[in-house]
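Trainee: Could you take me slowly through one part of this model, the packing of its nonpolar residues, and then show me what surrounds that part?

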Amino acid sequence: MIPAPFEYAAADSAEHALELLAKFGDDAKLLAGGHSLLPMMKLRLAFPSALIDIGHLRELAGIRADGDELVIGATTRHADVAGSDLVRSQAPLLAHSAAQVGDPQIRHRGTIGGSLAHADPAADLPMALVALGGSVEITGPGGIRTVAADDFFTGFLETSLEPGELLSAVRVPRRPGTGWGYQKFVRRANDWAIVGVAAIDGRIALANMGPVPVRARAAEQALAGGASLAEAASLAAEGTQPAEDIHADRIYRQHLARVLTRRALEHQAG
Amino acid sequence: MQVQLTVNGQARSDDVEPRLLLVHYLRQRCGLRAANVGCDTTSCGACTVLLNGRSVKSCTMLTVQAAGQDVTTAEGLAADGQLHPVQQAFRQEHGLQCGFCTPGMVMAAVGLLAENPHPTEAEVREGLEGNFCRCTGYHNIVRAVLAAADATAAGMTP
């Protein structure tokens with residue numbers, strides 16, 4: 001399969017990428033690892049008029065500590081997030097979730113910023129970012145703005161990124177030694193989650209239980225009110241409207257959400 | 001547009017369409033046919049090559065994304081007429097049946113052993129998660145990768 005023709009421009013810097021976005025207009029797309037975008041282009045589900053390549057920009061890659069947070073550059077590859085000593089010690093849930101994306105080859109190319117901007121509700125990293133209460137840094141013509149994970153995902157494959165803006169970094173709170181749980185139910189190796197659950201510090205996020213990664217708020221409130229893990233988990237699917245597909249109907253997904261939440265909470269408790 | 005990259009140690013400069021996938025560039029422009037197009041959807045791994053030593057799926061990369069970088073295909077593994085230890089091990093352990101997935105399996109295994117020179121059997125199976133053998137000959141493939149790790153540890157590198 002071959003993508004439709006497009007113009008290609010490699011950006012020299014993040015600032016240059018913004019200039020190119022302004023120049024090429026709304027039909028242009030940013031390209032980093034390309035592991036969400038290129039498959040869609042090959043299937044002709046996406047046919048941008050121009051690709052602006054930021055995948056090679058060093059200023060957008062790398063991992064550092066900044067006070068109470070870790071800052072991960074948008075073009076940092078999944079394998080580098082998963083293998084980072086800093087992430088493994090300070091945000092182990094994020095390292096674990098990056099290690100669950102696809103397969104080794106995919107993790108060598110795919111980027112954290114690309115996965116979040118693509119905003120697939122069944123994907124690992126959007127759910128992890130919501131569970132962690134992280135945020136994204138968005139660079140635009142007017143400067144940098146920060147958007148909390150809970151506000152970033154606005155619909156199926158939709159985010160609060162505006163045309164002309166670039167997701168430049170990801171921020172997650174540092175939580176060394178804090179228990180966490182992560183459950184991903186798949187039918188095939190390296191597949192997206194049929195349902196996923198990430199839990200840490202009283203927050204529970206669900207993958208593929210709606211058009212965006214959602215919080216299991218009823219279960220969170222029960223936990224905060226002193227309910228047992230099993231009681232809290234039994235509320236995990238409250239208010240969810242998951243899609244139905246060949247793998248699972250709504251009832252089955254909601255069942256999975258409750259079972260996986262209980263397992264995640266048990267793992268979190270150690 | 002003009003793209004410069006290194007393929008199997010050779011510097012190349014070619015005029016390519018931006019939409020030319022790396023696997024098509026390797027097969028059609030470089031005449032390197034080891035990397036196969038299998039599923040064409042980033043699943044099967046038959047098109048696996050090394051990019052700067054790391055395994056990648058060349059059906060899901062544009063040639064222009066490899067500009068300035070090092071690409072290695074299965075043709076680039078043997079040195080001085082000697083099979084690479086991973087190739088040797090696939091031969092010895094009969095790690096192939098029809099052979100279609102083999103170049104991708106070998107490249108994924110080379111990438112895996114570069115990152116983890118002494119993997120357990122479970123780590124080999126997880127490390128090859130991105131490569132399908134539709135003959136289902138996984139047992140011998142895993143044996144071959146473990147044998148290659150042992151051979152490399154014993155200093156049998158060519």
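Mentor: Let us begin with the largest nonpolar core, which has 87 residues, and among these A:Ile52, A:Leu93, A:Ala131, A:Val195, A:Ala198 and A:Leu206 touch the most other members. A nonpolar core here is a set of buried Ala, Val, Leu, Ile, Met, Phe, Trp, Tyr and Cys residues joined through C-beta atoms within 7 Å, where buried means that 20 or more other C-beta atoms lie within 10 Å of a residue's own, exposed means 12 or fewer, partly exposed is in between, and the C-beta atoms are placed from the backbone. The largest share of this core, seven residues, comes from helix α8 (residues 124-132) of chain A; helices (H or I, at least four residues) and strands (E, at least two) are DSSP runs, numbered from the N terminus.

Before going further, please keep in mind that this is a predicted model, in which local features need pLDDT of at least 70 and side-chain atom pairs count only at pLDDT 80 or more, while totals for chains, interfaces and linings use all residues. Residues are numbered from 1 along each chain as its sequence is written, and chains are lettered from A and ligands numbered from 1 in the order in which they are written.

Now look at A:Ala198, which, leaving aside its neighbours within four places in sequence, is in contact with A:Leu93, A:Ser97, A:Met127, A:Ala128, A:Ala131, A:Tyr182, A:Ala205 and A:Ala264; contact means that the C-beta atoms of two residues, placed from the backbone, lie within 7 Å. A second, separate core has 50 residues, including B:Ala35, B:Ala74, B:Ala144 and B:Ala149.

Turning to another place in chain A, you will find A:Ser234 in the loop between α11 (229-233) and α12 (250-269).

Finally, consider where the chains meet, for 20 residues of chain A are in contact with 22 residues of chain B. On the side of chain A that touches chain B, α2 (37-42) and α6 (104-109) each supply at least two residues, and α6(A) gives the most, with five residues. By class, that side of chain A has eleven nonpolar, six polar and three charged residues, where Ala, Val, Leu, Ile, Met, Phe, Trp, Tyr, Cys and Pro count as nonpolar, Asp, Glu, Lys and Arg as charged, and the others, Gly among them, as polar.
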